[in-house]
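I am opening a notebook page for this structure, and I will write down what I looked up, in the order in which I looked.

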Amino acid sequence: MPTVRDVKAKAGEEPITMLTAYDAPTAAIVDDAGVDMILVGDSVGNVALGHETTVPVTVDGIAHHVGAVSRAAEDALVVADMPFLSFGVDEKDSIENAGRMLKEEGAQAVKLESGPHTVDITEQMTQLGIPVMAHLGLTPQHVNQYGGYPRQGTDREAAERILNLAIEHEEAGAFSLVLEHVPSNLAAEITETLDIPTIGIGAGPDCDGQVLVVNDAVGLSEWSPSFSKQFGAVREEMASAVDDYVSAVESEEFPAEEHSHEEADLEDLY
Ligand code: KIV
Ligand code: NA
């Protein structure tokens with residue numbers, strides 16, 4: 001079974017790879033490619049469930065996807081992203097919600113969008129045996145405060161705040177840290193300062209690893225952020241397959257003889 005120890009051991013030796021996945025077939029593809037960690041991101045809200053933000057994602061909702069991904073992943077570490085308000089409000093609820101991802105859904109770790117309010121809960125979960133991935137910089141669950149998705153840590157004071165929070169979360173026991181949409185030199189500084197691996201998204205080349213939303217990476221998304229890169233054109237491929245299917249049915253080319261079951265002897269029916 002993959003463990004957070006493997007991930008920590010890889011840091012500084014080789015780049016760590018991480019992608020999101022929300023369903024079993026995608027998780028199987030990602031796992032077969034040898035990706036180190038699969039994040040069942042709350043990005044499922046906008047990426048797969050048609051919401052505008054991650055805010056509406058529920059614990060039951062993410063649990064459903066964590067189960068699907070865990071059943072398909074063999075080698076990758078599965079990290080369950082904890083949804084908005086499922087942690088950091090009440091300690092008991094936070095632990096039960098996170099614990100459920102390991103106990104019932106097969107994840108090996110959780111990710112919490114971090115801030116001053118998650119230091120204690122990170123320590124508590126770690127002590128209980130729930131490995132925590134911290135997440136600083138742009139934390140999309142704050143979209144209603146940001147009024148969008150602006151880059152974070154762009155002035156000295158803000159950068160220092162993020163660096164200090166990173167240190168506090170490492171001290172609290174986080175096994176790694178996602179840095180989202182921050183200046184590369186800040187990400188480099190944090191990576192240099194911390195012992196635990198940093199995983200960047202829109203955070204430049206100097207983190208210990210990288211993460212992308214899988215739909216963005218394979219070119220399935222209609223839109224993807226500028227810091228993302230499309231390594232394929234799955235959307236075009238799917239659209240063309242669906243077009244071909246529609247044409248084939250309309251033209252009565254499908255199903256052909258070879259797609260049809262042998263006729264049964266239904267004599268008695270008449
Ligand atoms: O939900 C998500 O996909 C994430 C990653 C982009 C880090 O949090
Ligand atoms: Na997320």
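Entry one. The model is a predicted one, and I began with a helix: helix 6, made of residues 119-128, lies across strand 4 (109-113) and strand 5, and its direction is at about 175 degrees to that of strand 4.

Entry two. I then asked what the strands form together, and I found a closed barrel of eight strands that runs 1-2-3-4-5-6-7-8 with parallel pairing. From one strand to the next, the twist averages 25 degrees. Helix 4 (residues 59-72) also packs on the sheet, where it touches strand 2 (37-40) and strand 3 (77-81), and its direction makes about 155 degrees with that of strand 2.

Entry three. I returned to strand 5, residues 132-137, and looked up its pairing with strand 6, residues 176-180, which is parallel and extends over five bridges. Within this pairing, Ala134 stands opposite Leu177 of strand 6. As a reminder to myself, strands of a sheet pair through backbone hydrogen bonds, either parallel or antiparallel.

Which residues are the protein donors of the sodium ion, ligand 2? I found Asp42 and Asp81, each named with its OD atom, lying 2.3 Å from the ion. The two are 39 residues apart and link distant parts of the chain, since Asp42 is in the loop between strand 2 and helix 3 (44-47), while Asp81 belongs to strand 3.

Note on methods
Residues are numbered from 1 along each chain as its sequence is written. Chains are lettered from A and ligands numbered from 1 in the order in which they are written. This is a predicted model: local features need pLDDT of at least 70, side-chain atom pairs count only at pLDDT 80 or more; totals for chains, interfaces and linings use all residues. Side-chain values use heavy atoms; hydrogens and water are left out. Two strands pair if DSSP finds at least two bridges between them. Helices (H or I, at least four residues) and strands (E, at least two) are DSSP runs, numbered from the N terminus. Axes are lines fitted to C-alpha atoms, for helices over the stretch in contact, and angles run from 0 to 180 degrees between N-to-C directions. Contact means heavy atoms within 4.5 Å. Donors are N, O and S atoms within 2.8 Å of the metal (3.2 Å for Na, K and Ca); water is not among the atoms, so sites may look incomplete.
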